[in-house]
Amino acid sequence: MAQATAQVHPEHQWLDSFAEHVRQQAKDHNIPGMGLVFVEQGQPAHFEFYGKTERNGDDIDADTVFRLASVSKTFTGVLMAKLVEQRKLAWQTPLSRLAPEFGFTPQGHDRLTLAHLLSQSSGFSPNAYDNLIEANYPLSRVLNMLADLEPLCSPGRCYTYQNALFGVLEHYFESQQSSYQQQLTQQLFVPLNMPHASVGKVALQSSDSWAKPHIAITRSKWRKSPVENNYYRFSPAAGVNASLADMEIWLRALLGEYPDVMSQELVSTVTTPHIRTRRELRRRAWRSFLNDAHYGLGWRIYDFKGHTVNYHGGWVKGYRADVAFVPEFGVGYAMLMNAESNLINGFTAQFWSRFFAIRHAEGEQLRQQTAAEE
């Protein structure tokens, strides 16, 4: 994994060890390409890269564009929070007002709100009609079928992760003679000066350098696959593209370095727990570290051995992505992959385990020094 930062701060030497671990695992599994960025407030970003956009393609670098898959939901949460700040919408805006054509009124659906959608607490069965998204059913047909679906629980009472329901926002923006892409560009990409961030398949494939998707044939053999359009049609759920250079800026904004674009009150709003996500506590790579887990507004919130990690992962055909930040220490991390590899789960969990161990050791050393001086 090539190192892109010219100089590593002494306190970040542990990153070299982590990068070597990632590099060796990526090599062992013949991962096509990947990269990560570590951000700390007031410090240069630390980038690491491995592999290529495709066989005989360009080397992965900070400007290589990847699909973010469900990491897109973190952008959607912030975008909708900005519209709430601007009083264009409210968290209690009912879905029946956002998409009146689709009949979100029977069987208690009239109580479904924007907050329920973004907090994954709609009450519909988990991943309802993802199969129809993948079968390229029209957005209108999927939303009509969702509106007819009997819920498992009342809105706000249980965690039921969705993709298709985010199509309500796609439809809402179009009904306002706009689009999710236009709103995200105007409200976030342009003000933050994110150089390569975009929405949609055409935008991905128009990038100067973009990582081609790969699916597994065996444990360490990969095949390039076509870019599928299915989840792009529900872009608030999984339609954003970005490079690691973009993810650096995104993390810095979440950490408060762009207060004119994203206030800390806004960030606090989207990362406030709404619904407990007990299933997350059973994730193989994470379960030994997590005390509790919730979903906020487009964000997962983990209690990682007493530290709050705001996180989201993404997975669509040929790509994986992770993003996380810890306001307590003013740090953030993102990893992007052009392969459907579960290695990313372990990498991210191990990253935070190593980071907290280092910070605890540094804190203990400082306490001992202070005690000796006294």
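Predicted model: local features only at pLDDT ≥ 70, side-chain atom pairs only at ≥ 80, totals over all residues.

Residues are numbered from 1 along each chain as its sequence is written, and side-chain values use heavy atoms, with hydrogens and water left out.

**Stop 1: the nonpolar cores**

Select Phe75, Met80, Phe104, Leu188, Met247, Trp250 and Met262: these have the most contacts inside the largest nonpolar core, which has 90 residues. A nonpolar core is a set of buried Ala, Val, Leu, Ile, Met, Phe, Trp, Tyr and Cys residues joined through side-chain atoms within 4.5 Å. Buried means under 20% relative accessible area, exposed over 50%, and partly exposed in between, with a 1.4 Å probe and protein chains only. Helix α11 (residues 244-254) supplies the largest share of this core, 8 residues. A second, separate core of 34 residues includes Ala26, Phe289, Phe347 and Ala349.

Next, centre the view on Leu188. Residues up to four places away in sequence aside, Leu188 touches Phe75, Val78, Leu79, Lys82, Gln183, Trp250, Val261 and Met262. Contact here means heavy atoms within 4.5 Å.

**Stop 2: helix α11**

Select residues 244-254, helix α11. Helices (H or I, at least four residues) and strands (E, at least two) are DSSP runs, numbered from the N terminus. How many residues of α11 are buried? The count is 11 of its 11 residues.

At the N-terminal end, Ser243 caps α11, with a side-chain oxygen 3.3 Å from the backbone nitrogen of Ala245. Just after the helix, Gly256 takes a positive phi of about 100°.

Within α11, select Glu248. Glu248 is buried, with a relative accessible area of 18%. The side chains of Glu248 and Arg252 are joined by a polar contact of 2.9 Å. A polar contact is a pair of N or O atoms within 3.5 Å; within protein, one must be able to donate a hydrogen and the other to accept it, and residues adjacent in sequence count only if both atoms are side-chain atoms. Apart from neighbours within four places in sequence, Glu248 is in contact with Val37, Val39, Ala45 and Phe47. Tyr333 is 85 residues from Glu248 in sequence, yet the two are 8.3 Å apart in space, C-alpha to C-alpha.

**Stop 3: strand β10 and its partners**

Select residues 290-295, strand β10. Of the 6 residues of β10, 5 are buried, so the strand is largely enclosed by the rest of the structure. Two strands pair if DSSP finds at least two bridges between them. Strand β9 (residues 275-276) runs antiparallel to β10 and is joined to it by 2 bridges; here Ile275 stands opposite Tyr295.

Strand β11 (residues 300-304) pairs with β10 in the antiparallel sense over 5 bridges, and Leu290 stands opposite Phe304. The hairpin of β10 and β11 has 4 residues between the strands, and Gly298 takes a positive phi near 85° in it.

**Stop 4: Asn163**

Move to the loop between α6 (139-147) and α7 (167-175), where Asn163 is placed. Is Asn163 buried or exposed? Asn163 is buried, with a relative accessible area of 6%.

**Stop 5: Arg320**

Finally, select Arg320 in strand β13 (residues 319-326). Arg320 is buried yet has no salt bridge, and the nearest side chain of opposite charge, Asp322, is 5.5 Å away. A salt bridge is a side-chain nitrogen of Lys or Arg within 4 Å of a carboxyl oxygen of Asp or Glu; Lys and Arg count as positive and Asp and Glu as negative, while His and the chain ends are not counted. The side chain of Arg320 has a polar contact of 3.0 Å with the side chain of Asn342. A polar atom of the Arg320 side chain also lies 3.4 Å from the backbone oxygen of Gly314.
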